[in-house]
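Please look through the model with the points below at hand.

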Amino acid sequence: MNLLVCISKTPETTAKIAFKDENSSFDTDGVQFIMNPYDEWYALVRALELKEQHGGKVIAINVGDSSNDPVIRKALAIGADEAVRVDIEATSSFFVAKQVAEYAKSNDIDIVFTGKETIDYNGAEVGGMIAEMLEQPYFSFASHMDHDGSTATVTRDIEGGVEVAEINGKFVISAAKGLAEQRIPNMRGIMMAKRKPLNVIPAVEAEGNVKVLSYELPPVKGGITMVDADDMDKLVKLLHEEAKVL
Amino acid sequence: MEKVIHRSNKSDLFKNHDYFGIDDLLTEEHKMIRDSVRTWVSKEVLPIIESCAEQNECPLHLYKQMGELGALGPSISAEYGGGGMDEITYGIIMQELERGDSGIRSMASVQGSLVMFPISKYGTEKQKSDYLPKLASGEIIGCFGLTEPDHGSNPGEMVTNIKDDGDAYILNGAKMWITNSPIADIAVVWAKDETNRIRGMVIEKGMKGFSAPKIEGKWSLRASITGELVFEDVRVPKENVFPDISGLKGPLSCLSKARYGISWGAIGAAMDCYDAALRYSQERIQFGRPIGQFQLTQKKLAEMITEITKAQLLVWRLGTLANQGKATPAQISMAKRNNVWIALQIAREARQIHGGMGITSEYPMMRHMMNLETVLTYEGTHDVHLLITGHDVTGLNAFS
């Protein structure tokens with residue numbers, strides 16, 4: 001089984017977020033980066049478990065420049081057999097999906113894994129786009145998957161419950177909490193990662209038709225105003241005039 | 001009564017403290033290993049450590065996890081199950097373990113530096129293949145017997161001895177303050193032979209006449225077990241003795257390795273205390289503002305990060321020298337002495353910043369502080385290390 005896992009680099013969860021170029025791009029100065037947790041903890045580990053169960057190989061794929069290599073090496077340290085980096089800046093979900101889909105097409109990939117979303121832009125778009133480009137079924141927000149080597153049973157988180165589906169053949173899956181349990185890379189894995197292949201390949205052409213105009217931080221949280229329980233008029237007035245929710 | 005270890009679900013809010021960008025001096029592997037050990041400590045040590053310390057219970061299940069992680073004997077050759085890594089890696093692992101607790105770091109540093117290191121350096125091929133892979137995986141636990149009830153800073157005067165008896169030696173004597181001894185499967189023991197030379201040997205649990213009682217009543221390193229080693233006519237096969245090393249340089253070389261690890265480890269404890277104090281100073285409001293805004297709090301925090309930064313630079317340079325085989329025992333003494341001392345001071349100051357809250361197990365300072373009182377004394381006391389520096393710079397030995 002050939003398993004392809006999409007690995008994204010995201011800011012560390014406590015990083016202070018700021019923008020530059022008139023708020024049209026993310027200011028990465030001084031920001032520490034990590035592997036997107038949904039990719040690392042769930043997608044990658046479930047792929048490794050499948051390989052351990054049925055054989056085959058796990059390939060980690062990333063779109064970006066060489067500054068992403070430490071994150072890719074971590075995927076190799078956790079257990080991926082090899083890695084591919086498409087050597088170009090990841091400009092949009094569509095652009096990234098196109099790169100991954102092209103690689104999957106030409107490398108006979110059985111299952112493409114993504115995290116359910118990245119924790120920076122939270123688009124949750126790439127998986128669905130890859131599936132469309134590959135003309136394959138897509139299971140988003142998967143919290144459980146069994147695979148007997150030919151048929152997979154996938155449990156998806158849906159609003160208020162779960163959906164269980166079955167699939168024969170190739171598919172794309174996005175991993176939510178529960179799909180697997182985090183594996184911490186050990187020293188042996190970290191040393192072995194140095195010797196595993198990290199292939200850098202050129203990008204394929206894709207329309208870059210999305211342009212981000214601006215980003216905005218959420219409003220700063222205000223203080224708490226205590227209103228006397230007997231003074232409902234004041235509460236209504238505040239909700240109407242200040243909070244503007246009534 | 002059976003002890004139940006409680007698992008806390010408190011989040012680990014620790015942030016890395018690297019004021020001088022020392023990360024730029026580390027390799028990608030160093031940083032990845034640090035992150036791995038830090039994550040493991042966060043997931044497996046921190047949720048249980050206060051409960052373990054309160055109940056004086058050693059979390060033995062962590063041995064195999066540390067083995068799996070590669071934290072036991074990381075610089076021992078990979079041929080024998082070690083990690084084959086450099087000295088900076090070893091130091092970083094000790095730092096991260098001690099960010100969790102000095103007792104957990106002690107479990108790993110005794111196993112790696114005081115048991116695996118002498119076996120790998122002085123042991124026979126059979127001793128290496130018999131013991132090292134199992135020690136590296138955490139399948140068996142080791143301890144190290146040098147200190148005696150009447151000979152602490154002066155191990156050369158030890159009275160534990162071996163007498164030749166054909167195909168074996170007869171071992172008699174007692175060792176004291178031995179980390180892990182009651183739970184250890186093997187002990188690396190140093191004893192004098194009939195010509196008064198110090199020899200090293202591996203003693204196995206279950207040998208007739210060998211016992212390892214626990215030392216009770218410790219207020220420090222409560223998540224780690226400490227005991228004695230008692231030998232009454234223990235028959236030690238000659239194949240258990242290290243063949244080619246005699247004299248104090250055998251045990252002292254192990255201590256150098258362990259002290260090196262402690263000089264890194266203490267920074268972990270210091271950073272944990274500083275981290276807690278910095279956060280608390282920004283959250284705790286008195287007189288209408290965060291206490292971090294007051295000059296006396298800032299003085300404490302500024303001095304803490306200054307000392308942590310100096311300590312980090314000291315061990316980075318020491319690790320670089322150690323990688324080149326050039327770190328001297330005197331340099332290691334200076335680093336151990338300085339870094340443990342600053343960590344203890346930082347634990348005390350950080351406790352003060354927390355006010356009354358600082359004395360509870362809600363925060364880590366009291367536990368680190370009590371642990372560091374041991375770390376200040378074991379592996380060469382604070383004062384003895386000072387006199388090693390004194391001897392080194394003057395050429396005059398204060399001990400003779």
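1. In this predicted model, helices H3(B) and H9(B) are oblique to each other, because their axes cross at roughly 130° and an angle must be over 145 degrees to count as roughly antiparallel. H3 of chain B covers residues 87-100 and H9 of chain B covers residues 365-377. Their axes come within 10 Å.

2. Which residues of H3(B) and H9(B) make this contact? H3(B) contributes B:Glu98, B:Arg99 and B:Gly100. From H9(B) come B:Arg367, B:His368, B:Leu372 and B:Val375. By class, the contact of H3(B) with H9(B) holds 2 nonpolar, 2 polar and 3 charged residues.

3. Helix H6 of chain B (residues 249-283) packs against helix H7 of chain B (residues 295-323) at an angle of about 155°. The axes of these two helices are 10 Å apart. H6(B) and H7(B) are therefore roughly antiparallel, and the crossing is left-handed.

4. On the H6(B) side, the residues that meet H7(B) include B:Tyr260, B:Trp264, B:Ile267 and B:Met271. On the H7(B) side, B:Leu301, B:Met304, B:Ile308 and B:Trp316 are among them. The contact of H6(B) with H7(B) has 17 nonpolar residues, 5 polar ones and no charged ones.

5. H6(B) also packs with helix H8 of chain B (residues 329-353). Here the angle is about 20° and the axes are 8 Å apart, which makes H6(B) roughly parallel to H8(B). H6(B) and H8(B) have a left-handed crossing. Their contact divides into 18 nonpolar, 4 polar and 2 charged residues.

6. How many residues does each chain bring to the contact between the chains? Chain A brings 14 residues and chain B brings 16. The area buried between chain A and chain B is about 1400 Å², and carbon and sulfur atoms give 67% of this area. Of the area that chain A buries against chain B, 45% is supplied by A:Ile184, A:Met187 and A:Ile190, more than by any other three residues.

7. Side chains of opposite charge can pair when their charged atoms come close. Over all chains, the model has 30 salt bridges, but the count between chain A and chain B is 0.

8. One salt bridge to inspect is that of A:Glu52 with A:Arg183, in which the closest N and O atoms are 2.9 Å apart. This pair links distant parts of the chain, as the two residues are 131 residues apart. A:Glu52 belongs to helix H1 of chain A (residues 37-54). A:Arg183 sits in the loop between strand S12 (171-175) and helix H5 (187-193) of chain A.

Terms used: Residues are numbered from 1 along each chain as its sequence is written. Chains are lettered from A and ligands numbered from 1 in the order in which they are written. This is a predicted model: local features need pLDDT of at least 70, side-chain atom pairs count only at pLDDT 80 or more; totals for chains, interfaces and linings use all residues. Side-chain values use heavy atoms; hydrogens and water are left out. Axes are lines fitted to C-alpha atoms, for helices over the stretch in contact, and angles run from 0 to 180 degrees between N-to-C directions. Helices (H or I, at least four residues) and strands (E, at least two) are DSSP runs, numbered from the N terminus. Angles under 35 degrees count as roughly parallel, over 145 as roughly antiparallel, 65 to 115 as roughly perpendicular and the rest as oblique. A crossing is left-handed if the near helix is turned anticlockwise from the far one by less than a right angle, and right-handed if clockwise. Contact means heavy atoms within 4.5 Å. Ala, Val, Leu, Ile, Met, Phe, Trp, Tyr, Cys and Pro count as nonpolar, Asp, Glu, Lys and Arg as charged, and the others, Gly among them, as polar. Buried area is the accessible area (1.4 Å probe) that two parts lose on being put together, summed over both. A salt bridge is a side-chain nitrogen of Lys or Arg within 4 Å of a carboxyl oxygen of Asp or Glu.
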